[in-house]
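Here is a short walk through a structure made of several chains. Take a look before reading on.

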Amino acid sequence: METNICIAGFGGQGVMTIGKFLAQAVTDSTDLQTVFFPTYGAEQRGGTANCFVVISDEEIGTPKSDLMDDMIILNNPSLNKFIDSLKPGGNLFINETIVTDEIKRTDINVIKVPGTQLALDLGNTKVLNVIMLGAYIGYTEVFPVDVMWSTIEHKLGKKVELLPLNKEAFEKGLEYGRKNK
Amino acid sequence: MEELIYTKTKTIQPGKSSGFCPGCMHDTIIKLIGEVLEELDIADKAVSCSGVGCCGLFMDYINYDYVQCAHGRASAVATGIKRGNPDSIVYAYQGDGDFASIGLAESIHAANRGENITVIFVNNGIYGMTGGQMAPTTLVGMKATTAPKGRNPEEHGYPMHVCEMLDTLTAPVYLERVSCNTPANVIKTKKAIKKAFQNQVEGKGYSLVEIVTSCPTNWGLSALDSLDFLEQKMLPEFPLGVIRDR
Amino acid sequence: MERVLMKGCEAISEAAVRAGCRFFAGYPITPQNEIPEYMARRLPEVGGQFVQSESEVAAINMVYGNASSGVRAMTSSSSCGISLKSEGVSYCAMARIPMVYVNVSRGGPGVGTIQPAQQDYHQATKASGNGGFRMRVFAPATVQEAVDMTYKAFEYADKDRNPVLILADGVIGSVLEPVVLPPQKTEEEVAAIKAGKDEWAAIGHELGSRAWINPGGWDNLLYESVNKAADDMYKAWAEEAEYELFMVEDAEVILTGYGISARIARSAVKALREEGIKAGLVRAKTVFPFPYKAYDAINYDICKGILDVEMSIPAQFVDDVKVAVNGRCPISCYGRSAGIMLSKFDMMDAAKAMLK
């Protein structure tokens, strides 16, 4: 069983962090294989950012599949760029607050999460990525929820003061993920 | 009763003689370096890094460690050796084409990092081994095989002054320009070389001695006439003296 | 064994440090910047040294000097930067100085593109500098392989007294994967490795027993004998070529390549098998020595074609495949270049076309 995930958005939305946290959780707490593959533009700031994560119970071949099982999309340009590579029956997680373009495909599951709005409600747009991560895990349960949280906790490590906020963000995301099942 | 007052330096392989042209000053300098290494008792720690050109011609006859470097790269190679083995005494021996043309980046940056190495920069204003081509230090009006009408500032710019250029950097501790054109200047050259090595022994940092020399073969002059040319033409362009001593 | 999630470039760096590398000189170029950055942090922790050199040319010459003093030394760059190192690598080969360098390759020729490519194959395997020298060239397809090959590369470099090249690509350099790291050599071991080179290393010797680091000079017969000794060594490596065979035995179509392309080919082979197509994979792990023997494992009575897959246009790896296959089977190529990744589906289509 192999899951190919694409995460895409603006630079600064925490796209890479979502991918890295997923790969980190797999490495730390499972026997599964994983690859995190970032792609950047030449810009140091701004621009688009996207990355690919593969999670598999056997040796992984291509780190960037032609077809994605799951997709986490944080802005409109990314939606248009990647939606065709989501396989039929695949899961599309969108940051509903700003991903407003019409989704014409009807052969996919769309999980709408008002990520940016929820982050604003929590008082910090930086937790958008943790919200989306929560929603993704809550919906797919690609691995157990506590595995994901302990990785986030560990990665935030020294910034203990940020833990309560991130915990709240993660739970909000989880809630949306589970609700959409 | 006989008294031994002078003997050949043991840093030259017994029975070997240099391959330099008559009137060339390279062998004088190699001898001076050898004497300094012996006097400072560091010959068994010494590693020489030579550039490419006539400055590499001593490889076959010195008696201590030797690394042949790619053209212009001796200061970078010396950086690597010294950092790998800080107890060794490392010097780069480079001509004007090697140091100031093809290797200028490596030369300047080793100086700018303040590497604890000694550089002996031999400036005769011309490419020797390859046959008299124009060097960065070729004098205005001086003929070269690649400047048959002589160095023309409008086309070729002016001679480069290495010591003065390095003097714009903060890190180097010692920069001096000397020559080997008279016995008195040979003695001064030896003193400068000794100081440049002493600085390294004391861990002070980057020292460079520029030695203004002749190239009778490619200047097209006799050995004696080339001494006059050096005195009358080279030294006004490249004045001798201590540029920096910290 | 504990797994850690590491970026390819960083994992290569850590493997080098664990192998006893104590000197690194390098110059910034995408996509390998994480190697010098990692080394700048890491080497001082183990008493090593990092120099950000003024150029790739300076970097390789610093490594030449440092390795000449007996230290395990490394440099890295990408494609156009590797070209600049050619001169220094050639000097190391002639003077028989052991060192390791890494090419995290990108698109080319020229400045090319900053994205991953495999367009330096001939340069890496045939002519990494003037003079016709050869090196062991390892081509990792995963971060774990990059780690293991880098660790091993230092052993080979010292054993052969020759440069060793890790031919990675921008994908291997930038992906994060779980890896098991090799043991860290103790300071005593590192010191012993250096001391083992004291006799020939340029560290200063008693007058009369000098070390001579010698990449050439005047004595033709001497240097011809150096060429001959090197040639004997290159030939002896042939037996040590490394490769992977995957589902080759009954294959009617074989995909072949190295590094990231071969890894994608593994996915394609699996997918083809799921469709009932008997596909197999021959993957070169060393690209010099080239694993000619690997191609003898193919059953040419049933194999209808070999598909060379590489991120290079024009294809380069295929030239060695042709020699290995020696007319026993048709060969065709599927490749992209300039930083464009290979597609598993396109690869599958190309393989199917060979069966028609």
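What follows moves from one chain to the way the chains meet.

This is a predicted model, where local features need pLDDT of at least 70, side-chain atom pairs count only at pLDDT 80 or more, and totals for chains, interfaces and linings use all residues. Residues are numbered from 1 along each chain as its sequence is written, while chains are lettered from A and ligands numbered from 1 in the order in which they are written.

Start with chain C. Its secondary structure comes to 12 helices and 15 strands. Helices (H or I, at least four residues) and strands (E, at least two) are DSSP runs, numbered from the N terminus. The C-alpha trace of chain C spans about 75 × 45 × 40 Å along its principal axes. Of the 356 residues of chain C, 59% are buried, meaning that 20 or more other C-beta atoms, placed from the backbone, lie within 10 Å of the residue's own.

Now the contacts. Two residues are in contact if their C-beta atoms, placed from the backbone, lie within 7 Å. In chain C, 80% of the contacts with a separation of 6 or more join residues 24 or more positions apart.

Which chains meet? There are 2 pairs of chains in contact, and chains B and C share the most contacts. Chain A and chain B do not touch, and their nearest C-alpha atoms are 28 Å apart.

Chain A does meet chain C: 16 residues of chain A are in contact with 19 residues of chain C. On the chain A side, α1 (15-29) and β2 (33-40) each supply at least two residues. β2(A) gives the most, with 5 residues.

Methods. Buried ≥ 20, exposed ≤ 12 C-beta atoms within 10 Å, placed from the backbone.
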